[in-house]
Amino acid sequence: IAWIDVFKFLGIWAIYIGHFGDKAGKVYPFVFAYHVPMFFFAAGFFSIRYLKDTPLVFIKKKTWQLMVPYIFFSLIAMAFFTLQNDWNILQAKSALIGFIFGIRNQIIAGSLWFIPCLYIIVVGNYFVIKLFRSQTVALAIAFGIFLAYQLLFPPNHSPSWFMNLDSALYYYVYYSLGATIFPFINKHATTT
């Protein structure tokens, strides 16, 4: 779908600029405000296609699609950093534990945090939809979780939960919003 490819390009561009930090100048705060939520929003576009799967089939698919690449790239990153930094066994073990826990800002290949977080969101959303049989109810739950996150966690909360569950609580609303409005956006985009 052409408009989704353009949307993804704009998101990738924003992530690229976002990694420049202060060197991006005045563009940095602008792209930083939306670049990560945009990817979770876009990921929600395709959530509907897996709802027909049984829970076991769904979990196998998502594990293969998301967690196997996470493990693969984590091992490559660990090997690279071990060789580059001449780590001893304890330093390599520490990096491995960081990958196993998958906590944002605590793994050496920082950009990989997104994958376990997305996995938690995708699997959680699947079960919410299966339980309530309504994407609208899932969106209401996601908004409730988002509001609870805002009230319970201090501003600038540093993620610390296994597999980025605390980040997933924050970003789930964007995924659910994408899943909810994608049929309407896509229908309008393809009819004009």
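Student: How are H4 and H6 oriented, roughly parallel or antiparallel to each other?

Tutor: This is a predicted model. In it, helix H6 covers residues 114-132, and H4 and H6 pack at an angle of about 170°. Angles over 145 degrees count as roughly antiparallel, so H4 and H6 are roughly antiparallel to each other.

Student: How far apart are the axes of H4 and H6?

Tutor: Their axes are 9 Å apart.

Student: Which residues in H4 and H6 meet?

Tutor: From H4 there are Pro-55, Phe-58, Ile-59, Lys-62, Thr-63, Leu-66, Met-67 and Tyr-70. They meet Ile-115, Pro-116, Leu-118, Tyr-119, Val-122, Val-123, Tyr-126 and Phe-127 in H6. By class, 14 residues of this contact are nonpolar, one is polar and one is charged.

Student: OK, now H4 and H5. At what angle do their axes cross?

Tutor: At roughly 160°, and the axes come within 10 Å. H4 spans residues 55-85 and H5 spans residues 89-101. The crossing angle makes H4 roughly antiparallel to H5.

Student: Is that crossing right-handed or left-handed?

Tutor: H4 passes H5 in a right-handed crossing. On the H4 side, the contact is made by Tyr-70, Ser-74, Leu-75, Ala-77, Met-78 and Thr-82. H5 contributes Ala-92, Ala-95, Leu-96, Gly-98 and Phe-99.

Student: Different pair. What about H1 and H3, at what angle do they pack?

Tutor: About 150°, with the axes 9 Å apart. That makes H1 roughly antiparallel to H3. H1 passes H3 in a left-handed crossing.

Student: Which residues of H1 and H3 meet there?

Tutor: H1 brings Phe-7, Lys-8, Leu-10, Gly-11, Ile-12, Ala-14, Ile-15 and Gly-18. H3 brings His-35, Val-36, Met-38, Phe-39, Phe-41 and Ala-42. The contact of H1 with H3 has ten nonpolar, three polar and one charged residues.

Student: How many residues line the largest pocket, and which lie nearest its centre?

Tutor: The lining has 28 residues, and Phe-32, Val-36, Arg-104, Trp-113 and Tyr-171 lie nearest the centre. Val-36 is also one of the H3 residues that meet H1.

Student: Which helix gives the most to that lining?

Tutor: H3 does, with four residues. The helices that each supply at least two lining residues are H1 (2-18), H2 (27-32), H3 (35-44), H7 (135-152) and H8 (165-191).

Student: And by class, what does the lining of the largest pocket have?

Tutor: It has 17 nonpolar, ten polar and one charged residues.

Key:
Residues are numbered from 1 along each chain as its sequence is written. This is a predicted model: local features need pLDDT of at least 70, side-chain atom pairs count only at pLDDT 80 or more; totals for chains, interfaces and linings use all residues. Side-chain values use heavy atoms; hydrogens and water are left out. On a 1 Å grid over the protein atoms alone, a cavity is a set of points where a 1.4 Å probe fits but cannot get out, and a pocket is an open set with protein on both sides within 12 Å along at least five of seven lines; lining residues have an atom within 4 Å of a point. Ala, Val, Leu, Ile, Met, Phe, Trp, Tyr, Cys and Pro count as nonpolar, Asp, Glu, Lys and Arg as charged, and the others, Gly among them, as polar. Axes are lines fitted to C-alpha atoms, for helices over the stretch in contact, and angles run from 0 to 180 degrees between N-to-C directions. Angles under 35 degrees count as roughly parallel, over 145 as roughly antiparallel, 65 to 115 as roughly perpendicular and the rest as oblique. A crossing is left-handed if the near helix is turned anticlockwise from the far one by less than a right angle, and right-handed if clockwise. Contact means heavy atoms within 4.5 Å.
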